Amino acid sequence: MKSNSSNPSGISSSIVASNMNGNGFHDDDEIVVVSGSSPDLYLDDEPVRRSQKTDPELGRRVAQFLLEKGVATPQIDTGLNDEEKRTIIARNFAEIMKTLGLDLSDDSLADTPKRVAQMYVDEIFFGLDWRNFPKCTTVENKMGYSSMVIERNINVQSNCEHHFAIIDGRAHVAYIPRKKVLGLSKINRIVEYFSKRPQIQERLTEQIFYALSYILDTEDIAVLIHAKHYCVKSRGVEDVNSDTVTSKLGGAFLLNSATRSEFMRAVNSVTNP
Ligand SMILES: [Zn+2]
């Protein structure tokens, strides 16, 4: 197993707002290898990584807020723990493979059900569990910063809920601080958290918006996502070039055309350089 990649999430982003550096907004995320599963389940896979800093209580409150806003992912409480989920998924994925006519006695295929189960529970769908919500400590906006903060080019790796096929894109998120300021890497973490569940892009956009709105206590927030949907690219109409753009604008971004233009200019300059 490899370890200690310096940029495990592949996130690349930039700060557009000036005078934001040096104010201590950056905080380091510690990434850990999630234990509890045998490493020999992997062939040459990267280790499971997840932000170490989670805030289950905040996750529960954000989940409740999304429910009130009507943008929650349709979910039921199974009462299963992660180990039970992995066991059941592995058993059922083996059935899918056998039904397709694959020979699970082949040593290349034998552990695939276990690997898929682990990937679902610990990696690509860990955002279904509100207990995995990232810790998002806010700081008081002591310097009275009231201009736009924009985090651009946030990596979006998700899966569509209709086909479980890849959604691959970028998110651009802006807000205007009121009383609270959020560590910049936390915006990336929130995008990552909601990406790690079966999604539709519209809901992903809304969930990021309302989670930030709850945490920052403002609606002066803009979220724009452009992404390629592999269910469109590799099946169905097989359109390899199209992408999908969704946005959710609130508060000043909705009401003030100058604010909206500033955001769109900043986004366009990275998407159409
Ligand atoms: Zn799809």
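Q: What share of the 273 residues in the protein chain counts as buried?
A: Of the 273 residues of the protein chain, 32% count as buried, where buried means 20 or more other C-beta atoms within 10 Å of the residue's own, exposed means 12 or fewer, partly exposed lies in between, and C-beta atoms are placed from the backbone. This is a predicted model, in which local features need pLDDT of at least 70 and side-chain atom pairs count only at pLDDT 80 or more, while totals for chains, interfaces and linings use all residues. Residues are numbered from 1 along each chain as its sequence is written.

Q: How many helices and strands are there?
A: The protein chain has 8 helices and 10 strands, taken as DSSP runs numbered from the N terminus (H or I over at least four residues for helices, E over at least two for strands).

Q: And what part of the contacts comes from residues 24 or more positions apart?
A: Such pairs account for 74% of the contacts in the protein chain with a separation of 6 or more, a contact being two residues whose C-beta atoms, placed from the backbone, lie within 7 Å.

Q: Switching to strand 9, how many of its residues are buried?
A: Strand 9, which spans residues 221-229, is mostly covered, with 7 of its 9 residues buried.

Q: Which sense does its pairing with strand 6 have, parallel or antiparallel?
A: Strand 6 (residues 166-175) and strand 9 run antiparallel and are joined by 9 bridges, pairing being counted when DSSP finds at least two bridges between strands.

Q: What about strand 10?
A: Strand 10 (residues 244-249) also pairs with strand 9 in the antiparallel sense, over 6 bridges, and there Val-245 is the bridge partner of His-226.

Q: Now helices: at what angle do helix 4 and helix 5 pack?
A: Helix 4 (residues 184-195) and helix 5 (residues 201-216) pack at about 135°, with their axes 10 Å apart; axes are lines fitted to C-alpha atoms over the stretch in contact, and angles run from 0 to 180 degrees between N-to-C directions. The two helices are therefore oblique to each other, the class left after roughly parallel (under 35 degrees), roughly antiparallel (over 145) and roughly perpendicular (65 to 115).

Q: Which residues make that contact?
A: Helix 4 contributes Ile-190, Val-191, Phe-194 and Ser-195, and helix 5 contributes Leu-204, Gln-207, Ile-208, Ala-211 and Leu-212. They divide into 7 nonpolar, 2 polar and no charged, with Ala, Val, Leu, Ile, Met, Phe, Trp, Tyr, Cys and Pro as nonpolar, Asp, Glu, Lys and Arg as charged, and the others, Gly among them, as polar.

Q: How do helix 2 and helix 3 cross?
A: The axes of helix 2 (residues 82-99) and helix 3 (residues 112-124) come within 8 Å and cross at roughly 135°, which makes helix 2 oblique to helix 3. Among the contact residues are Ile-89 and Phe-93 of helix 2 and Val-116 and Tyr-120 of helix 3, and the contact as a whole divides into 10 nonpolar, 2 polar and 4 charged residues.

Q: Back to Gln-207, how far is its C-alpha from that of Lys-69?
A: The two C-alpha atoms are separated by 9.2 Å, although Lys-69 and Gln-207 are 138 residues apart along the chain. Lys-69 is found in the loop between helix 1 (56-68) and helix 2, and Lys-69 counts as partly exposed because it has 15 C-beta neighbours inside 10 Å.

Q: Where is Phe-164, and what is its phi?
A: Phe-164 is in the loop between strand 5 (149-160) and strand 6, and has a positive phi of about 55° although it is not a glycine. Phe-164 counts as exposed, because it has 12 C-beta neighbours inside 10 Å.
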